[in-house]
Amino acid sequence: MHISEPQGADGATTCAPFDAIIVGGSYAGLSAATQLARARRRVLVIDGGQRRNRYASHSHGFLTRDGSGTAAIAAEGKAQLLAYATVTWLDGTAWQAVASGDGFDVSLADGSVVHGRRLVLATGVIDELPTVEGLAERWGSSVFHCPYCHGYELEQGAIGVLATGPLSMHHALMLPDWGTVTFFLNGAFEPDAAQLAQLDARGVKLVRTPVAQIDGVADVLMADGSRHVMAGLFVATRTRLASSLAGDLGCLLEEGAMGPFVRTDEQKASSVPGVFCCGDAGRMAGSVAFAVADGAMAGIAAHRSLMLGLDQAAKPPSIFSPAPVTNAASALAR
């Protein structure tokens, strides 16, 4: 596996360490790398080519790109990023990262090692679907997890929610704004009296018969042979980190409603100095828009740490960390 190094003004290939290594070249990683590239820093992006939303053909809710192809957004972002001369792109997998000297050594799948002064983890998460026949094959096309991303296109039709646990109540209560909702409990969840009242107020139909299979577009076939014809089906997945790098480095994790994610501060810095995390791996829930915003913050913060060093006490005030304001009146007075 060969890494083509950026060239200096005399045309000679440089061998200095990278200012930052971005692990993950999807939306968050591209966004972080762009900020660093625009600060004229030497950036290496390592990408395994496994975008979380690769199963969905189109993206919605991202300003100016509503309805664009998910792959097209990523490809255009990559092309724009690679126009910066200080950026190197590597198709491959980062297997290990350890603190070393003034930064981090990242080991690649072929056994080679690259060094970066800062590390940005944009490694994403993996969705774990319930084991219902026919469900996985429709993931991203007629089985979804985000109403804001996919609900509008169902044209106010029949929408199913397949329960996976208490979090599925969130889907069941939200989705009546997008269509007529049937909540398939499937033995995974049973609403209490207060929740039943909420569901009734929202016009949600409950079905307790076990689910046997998903068929057609998103039809739900029941164990008793009955069929519910759905325009789309929503499932609250369980997620896990797609890479072990954060854990290997000692980054603290938090447990979200869907699964663990890397703990970060408001500037996307992890608990390990010099390591930043953005996108789905570093937040409780995500979308393309959230990932791009996360990445921009991580890239800016990584650049700032390169500029000022890792000693927090030596850093001057930042626009991203304003002084506390005691009340709204004092804020307006400023």
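**A first look at the chain**

Modeller: Buried residues make up 47% of the 334 residues in this chain; here buried means under 20% relative accessible area, exposed means over 50%, and partly exposed lies in between (1.4 Å probe, protein chains only). This is a predicted model, where local features need pLDDT of at least 70 and side-chain atom pairs count only at pLDDT 80 or more, while totals for chains, interfaces and linings use all residues. Residues are numbered from 1 along each chain as its sequence is written, and side-chain values use heavy atoms, with hydrogens and water left out.

Biologist: How many helices and strands does the chain have?

Modeller: Helices (H or I, at least four residues) and strands (E, at least two) are DSSP runs, numbered from the N terminus. Counted like that, the chain has 19 strands and eight helices.

Biologist: What share of the contacts between residues at least 6 apart in sequence joins residues at least 24 apart?

Modeller: A contact here means heavy atoms within 4.5 Å. Take those between residues at least 6 apart in sequence, and the share joining residues at least 24 apart is 54%.

Biologist: Which residues touch the most other members of the largest nonpolar core?

Modeller: A nonpolar core is a set of buried Ala, Val, Leu, Ile, Met, Phe, Trp, Tyr and Cys residues joined through side-chain atoms within 4.5 Å. The largest one has 28 residues, and those touching the most other members are Ile22, Leu81 and Val120.

Biologist: And which element gives the most residues to this core?

Modeller: The elements giving two or more residues are strand 1 (18–23), helix 1 (27–38), strand 2 (43–47), helix 2 (70–82), strand 3 (87–91) and helix 7. With seven residues, the top giver is helix 1.

Biologist: How many residues are in the second, separate core?

Modeller: Its members include Ala94, Val106, Cys251 and Val272. The number of residues in this second core is 25.

Biologist: Let's move to Leu121. How far apart in space are Leu121 and Gly282, C-alpha to C-alpha?

Modeller: Leu121 sits in strand 6 (residues 113–121) and is buried, with a relative accessible area of 1%. Setting aside residues up to four places away in sequence, Leu121 touches several others, among them Val23, Leu249 and Phe276. Gly282 is 161 residues from Leu121 in sequence, yet their C-alpha separation is 8.4 Å.

Biologist: In the hairpin of strand 12 and strand 13, which turn residue has a positive phi?

Modeller: Four bridges join these two antiparallel strands, with Ile214 partnered to Val220 and Asp215 opposite Asp219. Three residues lie between the strands, and the one with a positive phi, about 60°, is Gly216.

Biologist: In strand 14, which residue is the bridge partner of Val220?

Modeller: Strand 13 and strand 14 are antiparallel and joined by two bridges. Their hairpin has four residues between the strands, with Gly225 in the turn at a positive phi of about 90°. Over in strand 14, the partner of Val220 is His228.

Biologist: Is Asp219 buried or exposed?

Modeller: Asp219 belongs to strand 13 (residues 219–222), which is covered on both faces, with Asp219 and Leu221 on one side and Val220 and Met222 on the other. The side chain of Asp219 reaches the backbone nitrogen of Met230 at 3.4 Å, a polar contact (a pair of N or O atoms within 3.5 Å; within protein, one must be able to donate a hydrogen and the other to accept it, and residues adjacent in sequence count only if both atoms are side-chain atoms). The relative accessibility of Asp219 is 10%, so Asp219 counts as buried.

Biologist: What is the relative accessibility of Gln156?

Modeller: Gln156 lies in the loop between helix 3 (147–150) and strand 9 (158–162). Gln156 has a positive phi of about 60° although it is not a glycine. Gln156 counts as exposed, because its relative accessibility is 65%.

Biologist: And Lys268, buried or exposed?

Modeller: Lys268 also has a positive phi without being a glycine, at about 65°. Its place is the loop between strand 18 (260–262) and strand 19 (275–277). With 7% relative accessibility, Lys268 counts as buried.

Note on methods
Pairing = 2+ DSSP bridges.
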